[in-house]
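Have the structure open and follow the topics in turn.

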Amino acid sequence: MNMSINFPHLGIYLEHVGKTIEVFGIDIAYYGIVIAVSMIAGVSLILAEAKRTGQDQDFYLNMLMLSIVVGIVGARAYYVAFSWDYYKDNLWEIFNTRGGGMAIYGGILFGVTAACIYTVKKKAHLGKMVDTACLGLVLGQILGRWGNFFNREAFGGYTDNLLAMQLPVDAVRSGEITSQMEAHIQYVQGAAYIQVHPAFLYESMWNILVLVFLLWYRHRKRFQGEVFLMYLAGYGLGRGWIEGLRTDQLKIALGGEGLPVSQLLSIGLAAAGIGAVLSVRYCLKH
(Lines give C-alpha, C1' and ligand atoms only; values in the text may rest on other atoms or scores of the structure.)
Protein backbone atom coordinates (compact mmCIF):
# COMPACT_ATOMS: atom_id res chain seq x y z
CA MET A 1 0.00 0.00 0.00
CA ASN A 2 1.16 3.51 -0.84
CA MET A 3 1.75 5.24 2.52
CA SER A 4 2.46 8.76 1.30
CA ILE A 5 0.54 11.96 2.09
CA ASN A 6 1.11 15.15 0.12
CA PHE A 7 0.26 18.82 0.52
CA PRO A 8 1.29 19.86 -3.01
CA HIS A 9 0.60 23.61 -2.80
CA LEU A 10 2.68 23.81 0.38
CA GLY A 11 5.49 21.79 -1.17
CA ILE A 12 5.15 19.06 1.47
CA TYR A 13 5.57 15.45 0.27
CA LEU A 14 5.63 12.82 3.01
CA GLU A 15 6.71 9.55 1.44
CA HIS A 16 5.86 7.22 4.30
CA VAL A 17 3.33 8.03 7.01
CA GLY A 18 2.72 4.79 8.85
CA LYS A 19 -0.36 3.88 10.84
CA THR A 20 1.49 1.92 13.51
CA ILE A 21 4.84 1.67 15.25
CA GLU A 22 6.31 -1.58 16.53
CA VAL A 23 7.39 -1.67 20.18
CA PHE A 24 8.82 -4.95 21.52
CA GLY A 25 7.13 -6.83 18.70
CA ILE A 26 3.72 -5.22 19.31
CA ASP A 27 2.12 -2.89 16.77
CA ILE A 28 0.84 0.27 18.43
CA ALA A 29 -1.42 2.55 16.40
CA TYR A 30 -0.31 6.16 16.02
CA TYR A 31 -3.98 7.03 16.42
CA GLY A 32 -3.89 5.66 19.96
CA ILE A 33 -0.61 7.41 20.73
CA VAL A 34 -2.00 10.74 19.55
CA ILE A 35 -5.15 10.32 21.65
CA ALA A 36 -3.05 9.43 24.72
CA VAL A 37 -0.81 12.48 24.24
CA SER A 38 -3.84 14.74 23.77
CA MET A 39 -5.36 13.45 27.02
CA ILE A 40 -2.15 14.03 28.97
CA ALA A 41 -1.84 17.55 27.56
CA GLY A 42 -5.48 18.35 28.32
CA VAL A 43 -5.28 17.04 31.88
CA SER A 44 -2.06 19.00 32.46
CA LEU A 45 -3.68 22.26 31.37
CA ILE A 46 -6.74 21.64 33.54
CA LEU A 47 -4.60 20.96 36.60
CA ALA A 48 -2.53 24.07 35.89
CA GLU A 49 -5.69 26.18 35.61
CA ALA A 50 -7.05 24.65 38.82
CA LYS A 51 -3.84 25.57 40.61
CA ARG A 52 -3.89 29.10 39.18
CA THR A 53 -7.42 29.66 40.46
CA GLY A 54 -6.82 28.07 43.88
CA GLN A 55 -8.90 24.95 43.33
CA ASP A 56 -8.28 21.41 44.58
CA GLN A 57 -6.16 19.61 41.97
CA ASP A 58 -6.91 16.19 43.48
CA PHE A 59 -10.61 16.78 42.86
CA TYR A 60 -9.91 17.45 39.18
CA LEU A 61 -7.56 14.50 38.84
CA ASN A 62 -10.15 12.08 40.22
CA MET A 63 -12.92 13.63 38.14
CA LEU A 64 -10.85 13.48 34.96
CA MET A 65 -9.95 9.83 35.43
CA LEU A 66 -13.66 9.03 35.53
CA SER A 67 -14.69 11.31 32.67
CA ILE A 68 -11.90 10.09 30.36
CA VAL A 69 -12.93 6.44 30.75
CA VAL A 70 -16.61 7.29 30.26
CA GLY A 71 -15.72 9.61 27.37
CA ILE A 72 -13.81 6.90 25.50
CA VAL A 73 -16.76 4.53 25.82
CA GLY A 74 -19.09 7.32 24.73
CA ALA A 75 -16.99 8.23 21.69
CA ARG A 76 -17.16 4.65 20.45
CA ALA A 77 -20.83 4.21 21.33
CA TYR A 78 -21.79 7.40 19.43
CA TYR A 79 -19.90 6.27 16.34
CA VAL A 80 -21.36 2.77 16.42
CA ALA A 81 -24.90 4.05 17.02
CA PHE A 82 -24.84 6.20 13.90
CA SER A 83 -23.05 3.55 11.82
CA TRP A 84 -25.35 0.73 12.90
CA ASP A 85 -26.10 -0.42 9.35
CA TYR A 86 -22.55 -1.73 9.25
CA TYR A 87 -22.08 -2.89 12.84
CA LYS A 88 -25.37 -4.79 13.11
CA ASP A 89 -23.87 -7.42 10.80
CA ASN A 90 -20.36 -7.14 12.26
CA LEU A 91 -20.89 -7.10 16.00
CA TRP A 92 -17.33 -8.06 16.91
CA GLU A 93 -16.06 -5.03 14.99
CA ILE A 94 -17.66 -2.83 17.65
CA PHE A 95 -14.68 -3.63 19.86
CA ASN A 96 -12.06 -3.05 17.14
CA THR A 97 -10.98 0.58 17.57
CA ARG A 98 -7.50 0.21 16.11
CA GLY A 99 -8.55 1.71 12.79
CA GLY A 100 -10.43 4.66 14.25
CA GLY A 101 -14.17 4.97 14.62
CA MET A 102 -14.31 7.29 17.63
CA ALA A 103 -16.73 10.23 17.48
CA ILE A 104 -15.52 13.25 19.43
CA TYR A 105 -19.06 14.41 20.16
CA GLY A 106 -19.83 11.12 21.88
CA GLY A 107 -16.71 11.55 23.99
CA ILE A 108 -17.62 15.12 24.92
CA LEU A 109 -21.26 14.35 25.75
CA PHE A 110 -20.51 11.29 27.86
CA GLY A 111 -17.35 12.71 29.44
CA VAL A 112 -18.87 16.08 30.37
CA THR A 113 -21.98 14.37 31.76
CA ALA A 114 -19.83 12.12 33.95
CA ALA A 115 -17.79 15.11 35.13
CA CYS A 116 -20.92 17.08 36.00
CA ILE A 117 -22.45 14.19 37.96
CA TYR A 118 -19.20 13.72 39.87
CA THR A 119 -19.01 17.45 40.62
CA VAL A 120 -22.57 17.60 41.92
CA LYS A 121 -22.02 14.53 44.10
CA LYS A 122 -18.89 16.11 45.58
CA LYS A 123 -20.83 19.36 46.10
CA ALA A 124 -18.25 21.36 44.14
CA HIS A 125 -19.06 24.44 42.05
CA LEU A 126 -20.34 23.19 38.69
CA GLY A 127 -19.84 26.45 36.78
CA LYS A 128 -16.27 26.85 37.99
CA MET A 129 -15.51 23.23 37.09
CA VAL A 130 -16.72 23.44 33.48
CA ASP A 131 -14.91 26.76 32.97
CA THR A 132 -11.69 25.11 34.11
CA ALA A 133 -12.16 21.80 32.31
CA CYS A 134 -13.11 23.20 28.91
CA LEU A 135 -9.62 24.67 28.45
CA GLY A 136 -8.04 21.24 28.64
CA LEU A 137 -10.83 19.76 26.54
CA VAL A 138 -10.17 22.06 23.60
CA LEU A 139 -6.39 21.51 23.86
CA GLY A 140 -7.05 17.77 23.71
CA GLN A 141 -9.16 18.31 20.60
CA ILE A 142 -6.40 20.34 18.93
CA LEU A 143 -3.92 17.49 19.30
CA GLY A 144 -6.33 14.57 19.07
CA ARG A 145 -7.52 15.48 15.57
CA TRP A 146 -4.07 14.51 14.27
CA GLY A 147 -4.98 10.89 14.89
CA ASN A 148 -7.20 11.26 11.81
CA PHE A 149 -4.12 12.31 9.82
CA PHE A 150 -2.41 8.97 10.44
CA ASN A 151 -5.62 7.05 9.72
CA ARG A 152 -6.34 8.96 6.48
CA GLU A 153 -9.85 9.83 7.64
CA ALA A 154 -12.04 12.82 8.51
CA PHE A 155 -11.30 14.55 5.20
CA GLY A 156 -13.62 16.59 3.02
CA GLY A 157 -14.48 16.67 -0.66
CA TYR A 158 -12.29 17.72 -3.57
CA THR A 159 -10.46 21.04 -3.33
CA ASP A 160 -7.55 22.80 -4.97
CA ASN A 161 -6.99 25.36 -2.23
CA LEU A 162 -3.69 26.14 -0.52
CA LEU A 163 -4.09 23.42 2.12
CA ALA A 164 -5.30 20.70 -0.28
CA MET A 165 -4.16 17.24 0.79
CA GLN A 166 -3.43 14.31 -1.52
CA LEU A 167 -4.11 10.76 -0.34
CA PRO A 168 -3.42 7.57 -2.31
CA VAL A 169 -6.64 6.02 -3.59
CA ASP A 170 -5.69 2.62 -2.21
CA ALA A 171 -5.11 4.05 1.31
CA VAL A 172 -8.66 5.31 1.95
CA ARG A 173 -12.04 3.62 2.26
CA SER A 174 -13.69 3.42 -1.16
CA GLY A 175 -17.04 4.53 0.24
CA GLU A 176 -15.57 7.93 1.13
CA ILE A 177 -14.42 8.69 -2.42
CA THR A 178 -17.05 10.84 -4.13
CA SER A 179 -17.67 11.18 -7.86
CA GLN A 180 -16.14 14.66 -7.75
CA MET A 181 -12.95 13.26 -6.22
CA GLU A 182 -12.82 10.59 -8.92
CA ALA A 183 -13.21 13.26 -11.59
CA HIS A 184 -10.16 15.11 -10.20
CA ILE A 185 -7.83 12.20 -9.42
CA GLN A 186 -4.20 13.30 -9.54
CA TYR A 187 -1.33 11.08 -10.67
CA VAL A 188 2.04 11.40 -9.01
CA GLN A 189 4.78 9.11 -10.35
CA GLY A 190 2.12 6.78 -11.71
CA ALA A 191 0.17 6.52 -8.42
CA ALA A 192 -3.45 7.72 -8.18
CA TYR A 193 -4.33 10.27 -5.49
CA ILE A 194 -7.51 11.99 -4.41
CA GLN A 195 -7.09 15.67 -3.52
CA VAL A 196 -9.27 16.76 -0.62
CA HIS A 197 -10.01 19.22 2.15
CA PRO A 198 -7.94 18.21 5.23
CA ALA A 199 -10.95 18.70 7.51
CA PHE A 200 -9.04 17.38 10.53
CA LEU A 201 -6.44 20.11 9.99
CA TYR A 202 -9.10 22.80 9.65
CA GLU A 203 -10.64 21.73 12.95
CA SER A 204 -7.29 21.61 14.71
CA MET A 205 -6.45 25.11 13.48
CA TRP A 206 -9.91 26.42 14.41
CA ASN A 207 -9.59 24.99 17.90
CA ILE A 208 -6.27 26.79 18.38
CA LEU A 209 -8.16 30.03 17.81
CA VAL A 210 -10.90 28.90 20.20
CA LEU A 211 -8.33 28.10 22.92
CA VAL A 212 -6.56 31.45 22.51
CA PHE A 213 -9.91 33.22 22.72
CA LEU A 214 -10.95 31.30 25.86
CA LEU A 215 -7.64 32.03 27.60
CA TRP A 216 -8.28 35.72 26.89
CA TYR A 217 -11.99 35.59 27.75
CA ARG A 218 -11.59 33.83 31.13
CA HIS A 219 -10.35 37.12 32.63
CA ARG A 220 -13.43 38.94 31.35
CA LYS A 221 -16.23 36.54 32.21
CA ARG A 222 -19.18 37.86 34.21
CA PHE A 223 -20.39 34.59 35.74
CA GLN A 224 -19.19 31.05 36.46
CA GLY A 225 -19.83 28.78 33.49
CA GLU A 226 -19.52 31.55 30.92
CA VAL A 227 -16.18 30.35 29.54
CA PHE A 228 -17.67 26.89 28.97
CA LEU A 229 -20.67 28.37 27.16
CA MET A 230 -18.31 30.36 24.93
CA TYR A 231 -16.43 27.12 24.24
CA LEU A 232 -19.67 25.51 23.08
CA ALA A 233 -20.39 28.51 20.86
CA GLY A 234 -16.90 28.74 19.38
CA TYR A 235 -16.39 25.04 18.83
CA GLY A 236 -19.92 24.57 17.52
CA LEU A 237 -19.58 27.36 14.95
CA GLY A 238 -16.36 25.96 13.52
CA ARG A 239 -17.40 22.33 13.63
CA GLY A 240 -20.75 23.14 12.03
CA TRP A 241 -18.97 24.48 8.96
CA ILE A 242 -16.20 21.89 8.83
CA GLU A 243 -18.58 18.96 9.26
CA GLY A 244 -20.35 20.04 6.08
CA LEU A 245 -17.15 19.41 4.11
CA ARG A 246 -16.66 15.82 5.24
CA THR A 247 -17.52 12.75 3.19
CA ASP A 248 -17.81 10.43 6.21
CA GLN A 249 -20.60 12.20 8.06
CA LEU A 250 -22.56 10.23 10.63
CA LYS A 251 -26.21 10.58 9.68
CA ILE A 252 -29.56 9.93 11.27
CA ALA A 253 -31.99 8.22 8.91
CA LEU A 254 -34.68 10.83 8.37
CA GLY A 255 -35.72 11.19 4.76
CA GLY A 256 -33.56 11.19 1.64
CA GLU A 257 -29.93 10.51 2.42
CA GLY A 258 -30.36 11.28 6.10
CA LEU A 259 -29.44 14.26 8.26
CA PRO A 260 -25.83 14.93 9.37
CA VAL A 261 -26.21 14.46 13.11
CA SER A 262 -22.89 16.03 14.18
CA GLN A 263 -23.44 19.10 12.03
CA LEU A 264 -26.91 19.64 13.46
CA LEU A 265 -25.58 19.14 16.98
CA SER A 266 -22.81 21.66 16.32
CA ILE A 267 -25.25 24.31 15.18
CA GLY A 268 -27.50 23.58 18.15
CA LEU A 269 -24.64 23.87 20.67
CA ALA A 270 -23.42 27.11 19.13
CA ALA A 271 -26.91 28.62 19.30
CA ALA A 272 -27.43 27.39 22.86
CA GLY A 273 -24.06 28.72 24.02
CA ILE A 274 -24.53 32.17 22.51
CA GLY A 275 -28.15 32.36 23.66
CA ALA A 276 -27.28 31.39 27.24
CA VAL A 277 -24.45 33.92 27.52
CA LEU A 278 -26.61 36.76 26.19
CA SER A 279 -29.54 35.79 28.44
CA VAL A 280 -27.51 35.56 31.65
CA ARG A 281 -25.61 38.77 30.91
CA TYR A 282 -28.90 40.54 30.25
CA CYS A 283 -30.31 39.30 33.57
CA LEU A 284 -27.18 40.36 35.47
CA LYS A 285 -27.36 43.81 33.89
CA HIS A 286 -31.02 44.29 34.78
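**A buried charge to start with**

Glutamate 243 has a relative accessibility of 2% and counts as buried, where buried means under 20% relative accessible area, exposed over 50% and partly exposed in between (1.4 Å probe, protein chains only). Please keep in mind that this is a predicted model, in which local features need pLDDT of at least 70, side-chain atom pairs count only at pLDDT 80 or more, and totals for chains, interfaces and linings use all residues. Residues are numbered from 1 along each chain as its sequence is written, and side-chain values use heavy atoms, with hydrogens and water left out.

**Salt bridges**

- A salt bridge here is a side-chain nitrogen of Lys or Arg within 4 Å of a carboxyl oxygen of Asp or Glu, and the count comes to 11.
- Glutamate 243 pairs with arginine 239, their closest N and O atoms being 2.8 Å apart.
- These two residues are four apart in helix α9, so about one helical turn separates them; helices (H or I, at least four residues) and strands (E, at least two) are DSSP runs, numbered from the N terminus.
- Arginine 239 is buried too, with a relative accessible area of 4%.
- Arginine 246 and aspartate 248 meet in a salt bridge of 2.9 Å, N to O.
- Salt bridges that share partners join Arg145, Glu203, Arg239, Glu243, Arg246 and Asp248 into one network.
- Arginine 218 forms a salt bridge with glutamate 49, with 2.4 Å between the closest N and O atoms.
- That pair links distant parts of the chain, 169 residues apart: arginine 218 sits in the loop between α8 (199–217) and α9 (226–243), and glutamate 49 in helix α1 (residues 30–52).

**Nonpolar cores**

- A nonpolar core is a set of buried Ala, Val, Leu, Ile, Met, Phe, Trp, Tyr and Cys residues joined through side-chain atoms within 4.5 Å.
- The largest one has 40 residues, and Tyr60, Met63, Met129, Leu214 and Tyr231 have the most contacts inside it.
- Helix α5 gives the largest share of this core, eight residues.
- Beyond its neighbours within four places in sequence, tyrosine 60 is in contact (heavy atoms within 4.5 Å) with residues including Ile46, Leu47, Met129 and Thr132.

**A hairpin**

- Strands β3 (residues 20–23) and β4 (residues 26–29) run antiparallel and are joined by four bridges; two strands pair if DSSP finds at least two bridges between them.
- Isoleucine 21 stands opposite isoleucine 28 in β4.
- Two residues lie between the strands of this hairpin, where phenylalanine 24 takes a positive phi near 55°.
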